[in-house]
Amino acid sequence: MPETSEVHLAVALDGAGWHPAAWRAACARAADLFTAGYWTDLAREAEAGELDFLTIEDSLGLQRPRRCDPRVGDCSDHVRGRLDAVLTAARIAPLTTHIGLVPTAVTTHTEPFHLSTAIATLDYVSEGRAGWRPRIAPSPAEAGHFGRREFPPLTVGNVTDPDIAAHLSDLFDEAADAVEVVRRLWDSWEDDAAIRDVPTGRFVDRDKLHYIDFDGRWFSVRGPSITPRPPQGQPVVASLAHGDVPYRFAARASDVVFVTPASAEQAVQIVAAVRTAENYPERPRPSLLVYADLAVFIDEAPGAAAARKRRLDDLDGAEFTTDCAIFAGTPAELADLLLGWREAGLDGFRLRPGALPHDLQQITRALVPELRRRGAFRAGYAERTLRERLGLPRPASRYQIGAA
Amino acid sequence: MTKQVILGAHFPGVNNHTVWTDPAAGSQIAFSSFAHLARTAEAGLFDFFFLAEGLRLREQRGKIHDLDVVGRPNTMTVLAAVAAVTEHLGLAGTIQATYNEPYEIARQFGTLDHLSGGRAAWNVVTSPDAFTGENFRRGGYLDRGDRYVRAAEFVQACRELWESWGSDAIAADPARGEFVRPGAGRGRFDYRTENFGISGHFTVPRSPQVHPVILQAGDSDGGREFAAHSADGIFTRHSTYDAGRAFYADVKARLARYGRSPESLKVLPGASFVLGDTAAEAEERGRYIRRQQVSPQTAILMLEQVWNADLSSFDADGPLPPFDPDPEAPSIIQGRARMYDDPVAVARKWRALAEEKNLSIRDLIIEVTGRQTFTGTPASVAAEINRSVQDDACDGFILVPHLIPAGLDEFVATVVPLLQERGVFRTSYAAGVTLRDRLGLGPARPGAAWAAARREHVDA
């Protein structure tokens with residue numbers, strides 16, 4: 001990222017927002033969650049605020065809110081159901097022009113080959129704005145949807161058991177292999193492989209198409225891709241990480257890492273831990289960009305956001321908790337917080353709107369102007385691709401002769 | 001009763017039919033090309049846009065095939081984007097039942113159906129080949145005979161997933177605090193067959209069509225039977241009038257034993273076309289296009305596909321090989337379906353034809369492989385299309401232009417109005433209509449009914 005005083009902002013979209021009762025908020029469009037119009041409107045709002053990129057959550061299983069115990073109730077007061085995030089991003093792409101599109105896609109039960117062509121295609125249909133957030137699917141419920149592997153039961157209490165820790169570590173290793181395959185396939189066509197040479201009758205120069213010959217513990221993939229090298233060469237890979245194992249995964253696989261500090265002090269420690277993980281000897285890319293996740297409830301009037309969050313908590317019958325810090329306050333207070341935390345060495349923030357579209361609109365229409373007044377947010381979209389916006393150079397294909 | 005013509009628009013494929021040497025040939029991968037063809041098809045009130053798929057680059061003699069257009073997008077991803085630039089057009093994607101799992105594919109088609117307002121269609125194909133399998137963790141592991149069994153079970157699994165949410169499951173009622181209606185089906189499934197053992201919860205609520213339209217591509221006996229017991233439409237190579245009538249009668253006759261009416265399965269041949277102001281001009285343009293499609297290098301390669309041998313030392317402007325193919329030799333082509341059942345007979349026929357008409361290798365290949373399905377004036381092409389449909393040689397055509405992205409422009413401008421004049425093609429899209437409705441398929445037949453009919457006959 002270039003040396004500037006500017007804060008980088010991304011937004012994390014999920015259902016009606018991150019609060020479990022967000023779909024019951026006054027602003028909510030609960031009946032529209034499975035329509036293209038809903039997602040397009042959110043993307044356009046994020047783009048109007050000139051945010052770096054949006055992410056879309058996904059999973060290969062049904063949402064199970066923390067409070068919801070299916071043995072007790074049937075969870076009918078929570079949003080359940082979701083659409084495929086990569087396809088949702090592709091549906092948005094032709095209707096936006098600047099914002100980066102970073103859908104989540106699972107590596108555990110899926111084919112790296114399909115993931116590679118899907119994200120490459122997202123890069124084509126968005127003309128260079130694609131990213132991908134790989135994630136693992138450790139639960140036996142999701143494994144049961146595929147019927148090919150048996151996974152041990154997973155609870156909040158047993159994640160530190162040695163067997164479970166090994167299971168999770170294996171899935172991160174598998175995910176790292178999946179990202180490696182995806183990246184090799186993106187490079188498997190050199191940029192100028194299509195030559196359209198009439199005298200020799202050749203459409204492609206086959207010397208510029210490459211077998212990737214990946215052979216790992218979980219799969220082997222021959223290549224080359226069926227999809228030519230995407231506009232960015234390597235679309236942006238971003239992963240969420242809460243500890244050393246996923247930090248190491250990010251260091252091996254990602255360009256951007258989303259972290260979850262509870263405070264500015266903890267952000268310092270986390271950034272240090274990420275940098276330590278980055279000393280992984282094989283990291284071939286520029287330093288990881290570190291974005292802190294923050295769930296946000298924003299209103300102009302002092303106390304209004306906290307009161308709104310409390311009302312949602314009351315509706316839900318429990319105080320909202322999530323895996324990242326939660327902010328409720330005014331745009332100016334949030335600007336203070338972001339500029340303060342940034343001193344920990346963070347490159348940017350991924351904000352998780354508590355309720356959609358309200359808290360997204362507060363980001364784009366109140367927070368962004370506030371940051372701009374302080375000279376901490378750029379004016380306008382200057383760059384064409386997501387990589388450019390993040391200050392990441394466009395790498396040559398690793399298979400190109402003379403490539404670094 | 002006058003039948004209405006169904007029209008699909010096939011994005012040009014990765015084969016020599018697609019001309020890339022023409023000055024008008026555009027990118028095969030830029031989204032603008034997909035948007036152009038889809039918008040043209042929608043301007044022409046077509047039923048659907050169609051994408052093929054191949055999951056490994058073709059090889060011949062152990063080398064990546066370099067003479068044809070190559071390189072294409074992920075089918076589902078590009079269709080989701082095309083949904084954003086069209087409003088009524090159906091979106092048909094070819095997706096393998098071999099290198100995928102039902103949960104993922106059901107999710108993707110369910111999502112596409114939501115994001116397009118009920119316009120999704122799935123062309124189910126199967127491939128048992130280990131060559132393509134080298135790109136996948138599953139590998140290539142299917143016996144040829146097993147592939148339609150897996151495909152039928154795969155489609156059935158998807159139908160159960162698509163139905164797993166009740167039609168009224170999403171309440172989204174903040175006053176009552178009910179996002180999902182209590183007690184309504186919300187994705188629970190349990191599917192156990194020979195090929196699959198899956199259970200749990202599906203993530204995508206019921207979509208507008210419930211089941212996307214299911215197409216099947218494959219003319220073999222197994223493929224026809226699969227279409228009869230599992231599909232809404234069949235994409236066939238039998239595009240000529242006589243072959244079409246025989247195929248149509250055969251396929252439609254298979255439906256009754258699965259409790260289906262003849263109208264419930266649409267027969268849709270792939271068809272190429274060339275237009276001209278006069279018949280002679282169309283013929284001339286047709287010859288020009290075929291020469292573009294069959295370069296000297298392509299002619300030798302296509303000859304090799306019959307002879308199954310390295311013929312690179314032959315001159316495309318010279319005579320055919322004097323020897324017969326060796327049918328026992330291992331196949332030199334990988335990544336596409338076997339094209340000739342009896343290569344020795346084909347070779348002898350070609351040699352006789354070449355001697356009789358004094359044809360070079362390239363002339364011969366152009367003669368035997370290149371001819372367009374329809375060649376003529378817009379009026380004659382419209383008449384031929386209509387005759388095939390009215391006489392039950394098919395229910396419509398999936399048109400395959402030879403140029404990206406503008407290959408359909410002229411057809412839409414000149415032939416579509418003539419079909420409309422005949423009263424056999426719509427003059428506007430009805431609003432709020434799903435692809436299933438537009439094709440006259442009616443509401444989705446419940447998965448249990450599909451399964452019961454298939455089980456009854458297959459087990460009998």
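Two residues are in contact if their C-beta atoms, placed from the backbone, lie within 7 Å. The model shown is predicted: local features need pLDDT of at least 70, side-chain atom pairs count only at pLDDT 80 or more, and totals for chains, interfaces and linings use all residues. Residues are numbered from 1 along each chain as its sequence is written, and chains are lettered from A and ligands numbered from 1 in the order in which they are written.

**View 1. The contact between chain B and chain A.** Chain B contributes 64 residues and chain A 62 residues. On the side of chain B that touches chain A, β4 (63-64), α2, α3 (102-115), β8 (178-180), β10 (197-201) and α9 (296-307) each supply at least two residues; helices (H or I, at least four residues) and strands (E, at least two) are DSSP runs, numbered from the N terminus. The most comes from α3(B), with 8 residues. By class, this side of chain B has 33 nonpolar, 19 polar and 12 charged residues, where Ala, Val, Leu, Ile, Met, Phe, Trp, Tyr, Cys and Pro count as nonpolar, Asp, Glu, Lys and Arg as charged, and the others, Gly among them, as polar.

**View 2. The barrel of chain B.** In chain B, 8 strands close into a barrel in the order β1-β2-β5-β6-β11-β12-β13-β17, with parallel pairing; two strands pair if DSSP finds at least two bridges between them. Strands β1 (residues 6-10) and β17 (residues 396-399) of chain B run parallel and are joined by 4 bridges. Gly8(B) has Ile398(B) in β17(B) as its bridge partner.

**View 3. Helices α1 and α2 of chain A.** Helix α1 (residues 36-48) and helix α2 (residues 85-92) of chain A pack at an angle of about 70°, their axes 9 Å apart. Axes are lines fitted to C-alpha atoms, for helices over the stretch in contact, and angles run from 0 to 180 degrees between N-to-C directions. Ala36(A), Trp39(A), Thr40(A) and Ala43(A) in α1(A) meet Thr88(A), Arg91(A) and Ile92(A) in α2(A). This contact has 4 nonpolar, 2 polar and 1 charged residues.

**View 4. Strand β13 of chain A.** In β13 (residues 348-353) of chain A, 6 of 6 residues are buried (20 or more other C-beta atoms within 10 Å of the residue's own, with C-beta atoms placed from the backbone). Gly348(A), Arg350(A) and Arg352(A) lie on one side, and Phe349(A), Leu351(A) and Pro353(A) on the other. Strand β1 (residues 8-13) of chain A pairs with β13(A) in the parallel sense over 4 bridges, and Ala10(A) stands opposite Arg350(A). Strand β11 (residues 289-298) of chain A also runs parallel to β13(A), joined by 6 bridges; Leu294(A) has Leu351(A) as its bridge partner.

Key
Buried ≥ 20, exposed ≤ 12 C-beta atoms within 10 Å, placed from the backbone.
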